[in-house]
Structure formats: structure tokens, C-alpha cells
Amino acid sequence: MNTDETQNHNGSRGGQPYPELTDELRRLRAQRKSILVDTAERKGIALRIKDMTEYLNQLSEEIEEYDESLVRNYIERIDVVDNSFDVKFKTGIVIEIKK
């Protein structure tokens, strides 16, 4: 039996109708899920930036003393390097401060 003979009248092979369409549908669903996750992450980051901007606008021009709430709310970590340190904010922004 050749390939054409194994196809039934609706174009299926081996009992699975339209395998190419099924594979494409799975691929598109996975792509849609990935896009929705990326969009949600971007919205979360945008909201954190907005909150940070509002908070910083309420502060005086210069921060003159340590503020625990500022650190806990907006700084993810501080990496100390030989001649500098990097402040990584929860929004993903990194600022390098040199000695």
C-alpha cells in the first residue's frame, strides 16, 4: 500500500486527522501562553516603576539618612565589587556606584 492509499477521505494518516494542524495549534497555544506571561511580567515591572517614582517624588531632594522602608521596598540586592558597588532595584534597574 502506498502513502496515498493510507490516507482516508478527510486527509488523515494513521487515524489522526490533520496532524500538521494539530501540531501547529499546539505550537500557537504555547506561544500565546508565553506572550501572556511576558505581558504580565512587563505590567508588573511597569507598576513597580510607577510606585517607585511616586514614592521618590514624595521624598526631599536628597536622602540624608538610612531609610529602612525605602531599602526593603525597592532594593533587591547590593553587590560589592573592588572599587564600586552595584545597587539592583526590584524593577531590574542596576546602578553602579564608584568610590
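The numbered points below take the salt bridges in turn.

1. The model under discussion is predicted. Across the whole structure, a search identifies seven salt bridges.

2. Within helix 2 (residues 19-58), Lys 50 and Glu 54 stand four residues apart, about one turn of the helix. Their side chains form a salt bridge in which the closest N and O atoms are 3.3 Å apart. Lys 50 is partly exposed, at 47% relative accessibility, and Glu 54 is likewise partly exposed, at 40%.

3. A salt bridge also joins Glu 68 to Arg 72, with 2.6 Å between the closest N and O atoms. Both residues belong to helix 3 (residues 68-74), where a spacing of four residues places them about one helical turn apart. Glu 68 is partly exposed, with a relative accessibility of 35%. Arg 72 has a relative accessible area of 59% and counts as exposed, because that value is over 50%.

4. Lys 88 and Glu 76 form a further salt bridge, their closest N and O atoms being 3.9 Å apart. Glu 76 lies in strand 1 (residues 75-81) and Lys 88 in strand 2 (residues 84-89), so this pair ties together parts that are 12 residues apart in sequence. Glu 76 is partly exposed, at 43% relative accessible area; Lys 88 is also partly exposed, at 23%.

5. Which residues are linked with Lys 88 in a network of salt bridges? The network comprises Glu 76, Arg 77 and Asp 79 together with Lys 88.

Note on methods
Residues are numbered from 1 along each chain as its sequence is written. This is a predicted model: local features need pLDDT of at least 70, side-chain atom pairs count only at pLDDT 80 or more; totals for chains, interfaces and linings use all residues. Side-chain values use heavy atoms; hydrogens and water are left out. A salt bridge is a side-chain nitrogen of Lys or Arg within 4 Å of a carboxyl oxygen of Asp or Glu. Helices (H or I, at least four residues) and strands (E, at least two) are DSSP runs, numbered from the N terminus. Buried means under 20% relative accessible area, exposed over 50%, partly exposed in between (1.4 Å probe, protein chains only).
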